[in-house]
Amino acid sequence: MIIIKKVTIKDVARKANVSISTVSNALNGVDVLKPNTKQHILKVAEELNYIPNFHGKYLKSNATKILGLFIRSTKGPYYGMLIDAIANECEKNGYDLNVFITKNEKATINSVLGRSFDGAIIFNEWLSAESLQLLEKSNIPIIFLDREKTGKHISSVIFASYEGGQMVTQYLADQGHKKIGFIHGVIELYDDKERFRGYRDALNEKSLVYDENISLFGDFEEDTAYHAVRKFIHSGYELPDAFIAANDLSAIGCIKAFAAEGYSIPDDISVIGFDDIEISSYFQPKITTVRNPIIKQGVLAVDRLLDIIFNNEGGNLDKLKGEMIIRDSCIANNKKNR
């Protein structure tokens with residue numbers, strides 16, 4: 001068996017005939033060396049295939065230059081856009097991003113408290129009050145994307161989902177729709193809870209009746225929403241005038257389910273989604289939706305986290321407002337076929 005010895009900074013210093021501190025300055029870009037000396041050291045390091053021990057370096061400086069993202073899923077356009085935005089903003093600021101895909105509360109808490117990164121962005125709706133208290137006491141810089149939580153080292157960057165739920169319900173009511181259904185996403189999630197709460201309050205404000213029989217469960221997924229809507233149609237229960245879906249994927253599943261049963265959108269029923277993912281403007285019919293600033297959420301999450309890390313500036317609650325995008329999946333109730 002051939003044993004390959006790991007090259008150390010001492011080996012580089014010995015071959016370059018300089019001190020270890022001089023090698024360290026060259027490798028870390030400290031501007032105290034003559035250009036020829038720095039170039040010589042970097043060339044020797046390359047020849048020896050020297051790999052710097054960044055982990056040890058950052059432990060000594062009490063920094064890792066790594067941020068952690070704890071997220072429940074990567075499935076669907078929203079998560080993809082969010083992760084890309086966070087990763088790009090990390091790179092711009094000289095940070096690496098470690099992504100942890102987990103719904104496990106204990107695993108999330110243990111990883112965060114392990115301090116293997118400088119700060120964490122957390123999207124885990126199952127964190128208990130006890131776990132949140134542990135995180136707050138830890139003084140680790142944290143940004144939440146799924147709850148309104150602030151503290152000395154904690155901030156939140158969320159969508160104004162309650163206002164979004166109100167907005168779409170009021171729009172449908174103003175279009176003459178009286179019987180408005182709701183297709184839930186994941187009911188434990190902040191955005192689903194708040195959109196549903198806004199929907200319920202807007203119904204009440206418009207003197208419209210909430211009917212739990214037209215409250216379905218789509219799990220933020222096209223297939224789940226599709227099957228939930230087809231099951232509802234087969235139940236024989238009177239169809240609503242419109243459905244509000246908790247995201248665009250659920251809206252697409254809803255529209256496909258009605259099409260499979262011979263209904264036309266929006267002639268027979270209006271449908272509204274949330275997020276304004278790319279396919280929403282190409283799908284037929286083009287989907288009326290609420291455009292949430294997903295990229296802005298990711299960028300701001302990183303910027304707020306760095307504010308805490310460098311300036312100890314926590315306690316921010318950013319609610320990002322959505323914009324209603326009117327397209328083809330909704331029409332006024334008096335224009336419907338039925």
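How many helices and strands does the protein chain have? This is a predicted model, and its protein chain has 12 helices and 12 strands. The radius of gyration is 26 Å, well over the 20 Å that the globule rule gives for 338 residues, so the chain is more spread out than a compact globule.

**Overall dimensions and contacts**
- Along its principal axes, the C-alpha trace spans about 90 × 40 × 40 Å.
- Take the contacts between residues at least 6 apart in sequence: 70% of them join residues at least 24 apart.

**Burial, surface and charge**
- Of the 338 residues, 49% are buried.
- The accessible surface comes to about 16,900 Å², and carbon and sulfur atoms account for 49% of that.
- On the charge side, there are 41 positive and 44 negative side chains, with the centres of the two sets 7 Å apart.

- As background, nonpolar side chains in soluble globular proteins tend to be buried together.
- The largest nonpolar core here has 29 residues, and L67, L82, I86, I121, F123, I143 and L145 are the ones with the most contacts inside it.
- Elements giving two or more residues to this core are strand 1 (66–71), helix 5 (77–92), strand 3 (119–123), strand 5 (154–159) and helix 12 (294–311).
- Helix 12 is the top contributor to this core, with 7 residues.
- Leaving aside residues up to four places away in sequence, I86 touches L69, L97, I121, L145, G298 and V302.
- Another core lies apart from this one and has 21 residues, including I183, I255, I269 and V271.

Terms used:
Residues are numbered from 1 along each chain as its sequence is written. This is a predicted model: local features need pLDDT of at least 70, side-chain atom pairs count only at pLDDT 80 or more; totals for chains, interfaces and linings use all residues. Side-chain values use heavy atoms; hydrogens and water are left out. Helices (H or I, at least four residues) and strands (E, at least two) are DSSP runs, numbered from the N terminus. The radius of gyration is taken over C-alpha atoms; the globule rule is 2.2 Å times the number of residues to the power 0.38. Buried means under 20% relative accessible area, exposed over 50%, partly exposed in between (1.4 Å probe, protein chains only). Contact means heavy atoms within 4.5 Å. Accessible areas come from the Shrake-Rupley method with a 1.4 Å probe; for residues, only the protein chains shown count as cover. Lys and Arg count as positive and Asp and Glu as negative; His and the chain ends are not counted. The place of a charge is taken as NZ of Lys, CZ of Arg, CG of Asp or CD of Glu. A nonpolar core is a set of buried Ala, Val, Leu, Ile, Met, Phe, Trp, Tyr and Cys residues joined through side-chain atoms within 4.5 Å.
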